Amino acid sequence: GRKYRNRRIGELFKMTYKNEKIGAFIVPTGIGASIGGYAGDASCQAREFAKHTKLIVNPNVVNAACFSGITENMLYTEGYTLDSFFKGEINLLPSNNNKIGIIYDKAIPQDVLNVHINTQNAVKTIYGINIAEYIITDEEVGVEFYIAEGGVSVGDVKNIETLGRACKKLLEKGCEAIAIVCLFEDSDEDNENYADGVGVDPVGGVEAILSHYISKHFKVPCAHAPAFVDYSIKPDIVNPKASAEYITPTFLPCILLGLSNAPKITTNDNQGINISDLDFLVMPWNSLGSTPVFESLERNIPVYAIKENNTELNISKNNILKRSNIIEVETYEKALNLILES
């Protein structure tokens, strides 16, 4: 059965990956990262790492609207689950062909919903992804987003509990991973900076709130894609880093591709990947104030701080007390070379 299959996948993976380095490649969401702060623009760097190592990535690294940078050697893992993994609370159990359930916000107008249903059907038909069910929330979710004073993307969710009720129904029907699509009002702010490749993704921060909620309460792989009332495609030329989001009316395909093979969450220490198995962590150089960094340093896991990736944050090696395992490197390419040589 499915449970036995997943257990065997985890056991076999546990035996085989020991001869291969395994690391985490993280670019936090909504902090204006110069690489990975737009639409899948850290994918090229992550894919190079994944050619040589097993690589845990957060969705922000590879999500690119109708495209995805995900590869078979990557483990697509949402932020709250990442924190739990780094704390040693859970293991990541490799999986494939997950049965995906999709939650749609009741606030989404019918024409916008139809575009997304056509999209999910296209992804299912072309890639053979196991999209099992979709459900519409019983109430509107109520998403608001904005850029805070420090230049970081933040937001509020008025009725997040309606997502929980929908998720529970999908899990009861056998779904193993959850895609979330909520209505986002078109931003009142002029977003030219983002289109030019120098701004902050205005929706990233509140997207993290939505996915963290599902991860925390239901312990399943999940990811979020926004839906906008205006789904027209604008013909303006934008920066290549943001371009994936300007040629499609829906951002749903990338999360479905990621969730299809996203690792399951287990507390069984005999299965999957434990924090003790991690060989390295790669982060933008001045976004080091997070659980993955602090937990890695406590466990003497090398943290490679990449100086070519700048963010709106200002937490670098100099701000960390226990910093002997932080290795500042100019580029991702140089970091990969150091990792492979170690």
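1. Let me start with the surface: the accessible area of the protein comes to about 14900 Å², and 48% of that belongs to carbon and sulfur atoms. Accessible areas come from the Shrake-Rupley method with a 1.4 Å probe, and for residues only the protein chains shown count as cover.

2. A word on what you are looking at: this is a predicted model, in which local features need pLDDT of at least 70 and side-chain atom pairs count only at pLDDT 80 or more, while totals for chains, interfaces and linings use all residues. Residues are numbered from 1 along each chain as its sequence is written, and side-chain values use heavy atoms, with hydrogens and water left out.

3. Now the overall make-up. The protein has 11 helices and 16 strands, taken as DSSP runs numbered from the N terminus (helices: H or I, at least four residues; strands: E, at least two). Of its 342 residues, 54% are buried (under 20% relative accessible area, with exposed over 50% and partly exposed in between; 1.4 Å probe, protein chains only). Among contacts (heavy atoms within 4.5 Å) with a separation of 6 or more, 75% join residues 24 or more positions apart.

4. Six strands run in the order β5-β2-β1-β14-β15-β16, forming an open sheet with parallel pairing; two strands pair if DSSP finds at least two bridges between them. β5 (74-76) and β16 (326-329) are the edge strands, each with a single partner, so one side of each has no neighbour in the sheet. On average, neighbouring strands here are turned by 25° against each other, direction ignored.

5. Helix α11 (residues 332-341) packs on this sheet and touches β1, β14 (280-284), β15 (303-306) and β16, its direction making about 160° with that of β15. Axes are lines fitted to C-alpha atoms, for helices over the stretch in contact, and angles run from 0 to 180 degrees between N-to-C directions.

6. Do look closely at β1. Alanine 24 has isoleucine 56 of β2 as its bridge partner, whereas phenylalanine 25 stands opposite valine 282 in β14. Ile22 and Ala24 point one way from the strand, Gly23 and Phe25 point the other way, and all are buried.
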